[in-house]
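Subject: Handover of a structure

Dear colleague,

Please find below the structure that I am passing on to you. My notes on what was found in it follow directly after.

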Amino acid sequence: MSAPHLTVVQRLQRTLLVLLSRLPAPLQRLLARPATNAAGDTMAPDVALLMKLGDSGPDYSDLPPVEARATTERDLMLFASRIPACPVEEELETDEGVLLTRYSNGTPERGMLLFFHGGGFVIGSRASYTAPARMLAHGTGADVVSVEYRLAPEHPFPAAQDDARSAWRYVIGHAASWGVNPHRIVLAGESAGGNIAAVLCQQVRGEAVQPMLQVLIQPVTDLVEHRPSQDEFAGSPALSAKQVAWFVENYVPAGSDVADPRISPYRAASLDGLPPAIVNLAGFDPLHDDGLAYASALLTAGVPAHVEREAGLVHGYLSYTAVSPSCRRATERLVASVASALDRSTTTTTKKAS
């Protein structure tokens, strides 16, 4: 797994962004007036400043997908924190050729997270999501396996879902050799990755080995219904309506039924029997209502679902941890929440054993 190197100019840009993010909040508010959403939340001042700067930049959805990937990979590396490497970071490959990276701190008894990056099924990679993967590994003690699923339009739906199944089969087959209990595997993903994690939970329902938890971070769950947050934040520099349409156009083949639960997991005939969920949302995200609707549907089906809402943040905040202290703290809270869920499951397992 290779990450793009930053040029001298990009290093200077990163330094400037970091300095701006550390300015006193009152000064940040003068430079960029934070928006207030319909729920009455105010955007974090450092995020508002970052969005103002981003609003004047080029739009990757104006580019061919290959060029968009190159551009966004460098941007994601620019915005991401430099997180220390784990003692074990190994490259793996499934029988079907899906590439994986395993991060381990040597405490596999904590469990494992099978992680799917974001990017609308078109952009993003294991490399550009190294920081959140390492943060999850360090903060939870669990191993993290990050998946390089195939991207559209070269590999449209259902390629990403097929690769997720391949990765699932691989990790449950190798878990014991890593010292991981295969019944302590968490499925986690952000945005498109949250969709993949939700769909995979539905696909493996009823099998001998089940995920113990699903962590859905700002997930896209329904391409059928247009919800209010999509209109409210249609112009968001973090994820605009134009970019969403570009992702869908590239990912979903013409003539496909977007109500297919493998595209819109919210549309599944039943959500009964799925793993407990942590659904993480942001207050200024066009996908906010999508995630909230799925969490509500899980609860209605009797599935424990805990909604965590970062009121002042935007879509994709996991990727802004170097240039936004607010996004870094929110990511740390998410990691702590997953760690707590692992702690509770360990306690429950111990009680049952005794």
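Is R134 buried or exposed? The model is a predicted one, and in it R134 has a relative accessible area of 17%. Because buried means under 20% relative accessible area, R134 counts as buried. This arginine lies in helix α5, which covers residues 130–140. Leaving aside residues up to four places away in sequence, R134 touches I83, P84, A85, C86, E89 and Y103.

Several of these contacts lead to other parts of the model. C86 is itself buried, with a relative accessible area of 7%. Another cysteine, C201, is buried as well, at 1%. As to bonds between cysteines, the structure holds zero disulfides. A disulfide, in general, is a covalent bond that links the sulfur atoms of two cysteines.

I turn next to the strands. Strand β1 comprises residues 88–93 and runs antiparallel to β2, to which six bridges join it. Within this pair, V88 stands opposite S104 of β2. The hairpin formed by β1 and β2 has five residues between the strands, and G97 in this hairpin takes a positive phi near 90 degrees.

Strand β2 also pairs with strand β4, residues 143–148, in the antiparallel sense and over five bridges. Here Y103, one of the residues touched by R134, stands opposite V144 in β4. How many of the six residues of strand β2 are buried? Five of them are, so this strand, residues 99–104, is largely enclosed by the rest of the structure.

L27, L30 and L31 together make a nonpolar patch of about 290 Å². Of these leucines, L30 belongs to helix α2, residues 25–31. L30 counts as exposed because its relative accessibility is 74%, where the cut-off for exposed is over 50%.

Finally, there is R11, which is placed in helix α1, residues 8–21. With a relative accessibility of 47%, R11 counts as partly exposed, whereas R134 is buried. The C-alpha atoms of R11 and L136 are separated by 25 Å, and these two residues are 125 residues apart along the chain.

With kind regards

Definitions and conventions:
Residues are numbered from 1 along each chain as its sequence is written. This is a predicted model: local features need pLDDT of at least 70, side-chain atom pairs count only at pLDDT 80 or more; totals for chains, interfaces and linings use all residues. Side-chain values use heavy atoms; hydrogens and water are left out. Patches are made of residues with over 30% relative accessible area and no salt bridge: like charges are joined within 9 Å, nonpolar side chains (Val, Leu, Ile, Met, Phe, Trp, Tyr) within 5 Å. Accessible areas come from the Shrake-Rupley method with a 1.4 Å probe; for residues, only the protein chains shown count as cover. A salt bridge is a side-chain nitrogen of Lys or Arg within 4 Å of a carboxyl oxygen of Asp or Glu. Helices (H or I, at least four residues) and strands (E, at least two) are DSSP runs, numbered from the N terminus. Buried means under 20% relative accessible area, exposed over 50%, partly exposed in between (1.4 Å probe, protein chains only). Two strands pair if DSSP finds at least two bridges between them. A disulfide is a pair of cysteine sulfur atoms within 2.5 Å. Contact means heavy atoms within 4.5 Å.
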